[in-house]
Amino acid sequence: MPVFNKEKLPILRERMLAKAEAESRAMKMQTERLRAQRLEKAKSQALQDAYQFIQVQQGDMNLQATAAMSQRGIELRKKLISQRDGCSEEIFQAVRRRLEEFALSGEAYETYLKDSFSKATLQGDWPTVKEAVVYLSPRDMKYKELIQTAAAMPCRVEPDERIRLGGFILEDPVRGQLLVETLEERLNRQKEWFYRNSGFTVEVQF
């Protein structure tokens with residue numbers, strides 16, 4: 001018959017409790033990971049599921065139910081648009097935060113600003129401009145000399161409160177020529193491309 005050492009019982013109990021706590025923490029972490037993964041998957045599938053639901057409903061329509069189903073389709077389309085806009089806004093808010101971080105990155109942003117501005121002034125008629133005006137965000141006025149050095153023509157640099165993220169606006173006051181290369185404008189162009197190419201479209205036929 002086995003003999004138990006009563007003095008070892010507290011130690012064994014502590015070990016068992018510690019093991020149970022460790023397993024509990026591991027299970028909790030795993031549960032949180034699964035919850036986060038499922039939430040992300042639900043978001044990414046929301047638009048596709050809603051659209052497929054509309055298609056299924058349309059396939060089941062008959063002549064007697066056309067009016068009712070059309071109304072239902074309109075309601076679902078509104079819901080789909082709302083979901084699309086919500087997902088898109090979430091995505092571009094994250095991109096905007098990354099751009100804000102980039103504009104504050106120091107050397108990396110400085111190199112980008114210099115290279116993009118130098119490239120812009122070498123294109124088209126810009127090298128022949130007698131004097132251009134370059135607009136920067138007030139925060140970026142510290143790059144004034146950098147911009148003037150990188151320009152292919154004489155220019156003066158002025159602050160512009162409308163530029164919030166970064167980048168520049170280049171103007172030829174004489175010819176009324178304007179080149180907008182702000183980070184905001186780049187983000188807006190990316191939004192247009194995103195809606196055209198990402199599949200985030202809402203096309204429901206009745």
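Modeller: I begin with R156, which counts as partly exposed at 35% relative accessibility, where buried means under 20% relative accessible area, exposed over 50% and partly exposed in between, computed with a 1.4 Å probe on protein chains only. This is a predicted model, in which local features need pLDDT of at least 70, side-chain atom pairs count only at pLDDT 80 or more, and totals for chains, interfaces and linings use all residues. Residues are numbered from 1 along each chain as its sequence is written, and side-chain values use heavy atoms, with hydrogens and water left out.

R156 forms a salt bridge with E131, their closest N and O atoms being 3.4 Å apart; the term means a side-chain nitrogen of Lys or Arg within 4 Å of a carboxyl oxygen of Asp or Glu. This pair links distant parts of the chain, 25 residues apart, since E131 lies in the loop between α3 (107-121) and β1 (132-136), while R156 lies in strand β2 (residues 155-159). Helices (H or I, at least four residues) and strands (E, at least two) are DSSP runs, numbered from the N terminus. E131 is also partly exposed, at 39%.

By this rule the count comes to ten salt bridges. Another joins E100 to R96, with 3.9 Å between the closest N and O atoms; because these residues are four apart in helix α2 (residues 66-103), about one helical turn separates them. In a further pair, D172 and R175, the closest N and O atoms are 2.8 Å apart; D172 is buried at 2%, whereas R175 is partly exposed at 43%. Elsewhere, salt bridges that share partners join E181, E185, R186 and R189 into one network.
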